[in-house]
Amino acid sequence: MSKNNLIYLIVGVLVLSGLFYVLKPKSTTPLVTVSPSTESTTSAQPNSTKSFDLVVKGKKIASGSGDLKVTEGDQITINITNDEDEELHLHGYDKSVELQANKPASLSFTANLTGRFPYELEKSKIEIGALEVTPK
Amino acid sequence: MTLKYLNHKIITSEQISIVRTLFYSVTSCLILLLFPQPVSAHAFGALYSLPLPFWLYSYGASVALIISFLLIAWFAKENKEFNYPRIHLNLNHWLVFLLQVLVLAFFAVTILAGFFGLQSPVQNFAPTFFWIIFLLGFTYLSGIFGNFWDKINPWKLILSPLNLKPLLDYPKSLGFLPALIFYFILIWLEILSSGLGARPQFLSTLLLSYTFINILGSIIFGTQDWFKYGEFFSVSFGLISKLSPFSKENVLNTSTNHSTLLLFILFALSSTAFDGFRSTIPFFRFFFLYNQTLLLLASPIFFLTLYLLAIILMKILTRSSLSIKTLSLHFAFSLIPIAFAYNIAHYFPLLLIQGQSIITLISDPINQGWNLFGTSDYQINVGLVGANFVWNFQVFAIIGGHILAVFIAHLLTLKLFPNRKQALLSQLPMLILMIFYTIAGLWILSQPMMTGGL
């Protein structure tokens, strides 16, 4: 490899890694947008507890957005009320909860898997929202 | 009742098979009734990827931009002789034979599983094997190891020994049109059929029908021409394998000879982009009223328009006497790495996560309660790749594809324009086009996603 080629290679690698280092956010707490009515955050620290109140009517979320945004490690509680007998299933985490018509049910767990996990009304096979777990 | 009836008859093999089919249908119905929810309730083909964070999107976009001009500066510096990398590899014919036997066995098992296994997409061997392991896995392996598919294609293995002479000459003016039509049907079934393509029995029927089409195509046009122009997987894996350093036929020593092949490559690009785009919020905002099948059909036109604009610009800049058609066919292969990178970025997480379920399924491929390899209790590890890994992987795959595309475009330029100044000028429109394709790919990956309807 000639000297010239080597210089180009080094510059290329420097650009790739330098920009990555410069652009990567320094703080480990990601930007999480909090939707006002559906969510109550009890503490802003990492590994916080987050609960969401979802009301489902006619197989659709009636209470704001169905996108639940949390951070890896958070303690999650999803309270859900549906207007008919159903079962809620969260993909990826593979968690389910029986829903009785108009009776609140809840699902609690630790968000230890990162990614975007849709949840659905299992019997009607309709996805109504997704849990977005951002890495720490 | 049934038993009594059976006792009084001499049972023919046909009756046995009917009874067996009945038995399987009844048991599978019973099992479905007993367990209305599948035991492992993962939706088939669900991706768990998060949208790229904004900083990674900006990183990818700026790197694509800077690296592109760095590459151009490097190309311009001095007269360099380039060749596409080539590694010679002699395959042991016993290994090839073993692979052929394996591929035929898997082909048979897939079809049997679809017909006689449980009719749930995630619990049946056929959908996971066909859509994830075979379709994605062989795409990636072809890109790395070259056109091994040509040696182990089960349809070719069945039909080649017959040495069918064509009844009709294949109309060369059609080009790769049959393969392109199969491509569209395949993608439609994969992403727009609301799960129809993942229904085991349907899938096996489809594979048998496709086998029948291949037999018919070979009888009419001869094995050689049919597998060159008509059989989808031969065309698709053949194109991708041109990137492999192990390939005898690479992007440089072969060229596109028909516009249907250019459309095929553009559809590879546009269908993946479309699949990513249709689950984002911008898509819902602007396109939710439109018919998705028509949008999928129209998607390559968008990419083609931009490509042709770049080619026209190239013709103007270089004052080339070559026609736009010649130029556009000449540079078609430089788009393969971008299409390949889109595919990897979008679908590789699916192979890594849902692909794991093949470990479980293979121990009991026809749902008989077997445990052939002792892995029937294996549980998918969703945490195998986290969001951080997927993000970095996606961005670097797309940047890698971009660099390879710019490199190939440069090689193709040198082949066409011996004049250096002309060569460098001709490079600019392609470079801008590729930067655009790359940033568009990253942009789609970074968009917030939408679940359910509005």
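Visitor: In which helix is the place of B:Phe267?

Guide: This is a predicted model. Within it, B:Phe267 sits on chain B, in the helix that covers residues 259-277. That helix is α12.

Visitor: Does B:Phe267 count as buried or exposed?

Guide: The cut-off for burial is 20 or more other C-beta atoms within 10 Å. B:Phe267 has 23 C-beta neighbours inside 10 Å, so the residue counts as buried.

Visitor: Leaving out residues up to four places away in sequence, which residues does B:Phe267 touch?

Guide: B:Ile213 is 54 residues from B:Phe267 in sequence, and their C-alpha atoms are 22 Å apart in space. Contact requires C-beta atoms within 7 Å. With residues up to four places away in sequence left out, B:Phe267 touches B:Leu180, B:Tyr183 and B:Pro300.

Visitor: Which residues of α8(B) are buried?

Guide: Helix α8(B) has 16 residues and reaches 21 Å from its first C-alpha to its last, close to the 22 Å expected at 1.5 Å a residue. The cover over its buried residues includes α10 (223-230), α11 (232-241), α12 and α14 (292-318) of chain B. Two of the residues touched by B:Phe267, B:Leu180 and B:Tyr183, are on the buried list of α8(B). That list reads B:Pro178, B:Ala179, B:Leu180, B:Tyr183 and B:Ile187.

Visitor: Where in chain A does A:Lys59 lie?

Guide: A:Lys59 is not a glycine, yet has a positive phi of about 60°. A:Lys59 counts as partly exposed, because it has 16 C-beta neighbours inside 10 Å. Its place in chain A is the loop between β2 (49-57) and β3 (60-61).

Visitor: Which residues in α4(B) are buried?

Guide: Helix α4 of chain B runs over residues 93-116, which is 24 residues. From first C-alpha to last, α4(B) reaches 34 Å, close to the 34 Å expected at 1.5 Å a residue. The buried residues in α4(B) are B:Phe107, B:Thr110, B:Ala113, B:Gly114 and B:Phe116.

Visitor: Are α5(B) and α16(B) parallel or oblique to each other?

Guide: Two packed helices are described by the angle between their axes and the distance between the axes. For helix α5 (residues 125-145) and helix α16 (residues 336-353) of chain B, the axes come within 11 Å and cross at roughly 135°. Angles over 145 degrees would count as roughly antiparallel, and 65 to 115 as roughly perpendicular. The two helices α5(B) and α16(B) are therefore oblique.

Visitor: What is the make-up by class of the contact of α5(B) with α16(B)?

Guide: The crossing of α5(B) and α16(B) is left-handed. From α5(B) come B:Ile132, B:Leu136, B:Gly137, B:Thr139, B:Tyr140 and B:Gly143, which meet B:Phe340, B:Asn343, B:Ile344, B:Tyr347, B:Leu350 and B:Leu351 of α16(B). By class, this contact has no charged, four polar and eight nonpolar residues.

Visitor: What share of the residues of chain B count as buried?

Guide: Chain B has 19 helices and zero strands. Residues 24 or more positions apart make up 83% of its contacts with a separation of 6 or more. Of the 454 residues in chain B, the buried share is 40%.

Visitor: Which element gives the largest share of the side of chain B that touches chain A?

Guide: The contact takes 32 residues from chain A and 26 residues from chain B. On the side of chain B, the elements that give two or more residues are α3 (54-77) and α18 (387-416). By class, that side has 15 nonpolar, ten polar and one charged residues. Its largest share, ten residues, comes from α3(B).

Technical notes. Residues numbered from 1 in each chain as written. Chains lettered and ligands numbered in written order. Predicted model: local features only at pLDDT ≥ 70, side-chain atom pairs only at ≥ 80, totals over all residues. Helix = DSSP H or I, 4+ residues; strand = E, 2+ residues; numbered from the N terminus. Nonpolar A, V, L, I, M, F, W, Y, C, P; charged D, E, K, R; others polar. Expected span 1.5 Å × (residues − 1). Buried ≥ 20, exposed ≤ 12 C-beta atoms within 10 Å, placed from the backbone. Axes fitted to C-alpha atoms, helices over the stretch in contact; angles between N-to-C directions. Parallel < 35°, antiparallel > 145°, perpendicular 65-115°, else oblique. Left-handed = near helix turned anticlockwise from the far one by under 90°.
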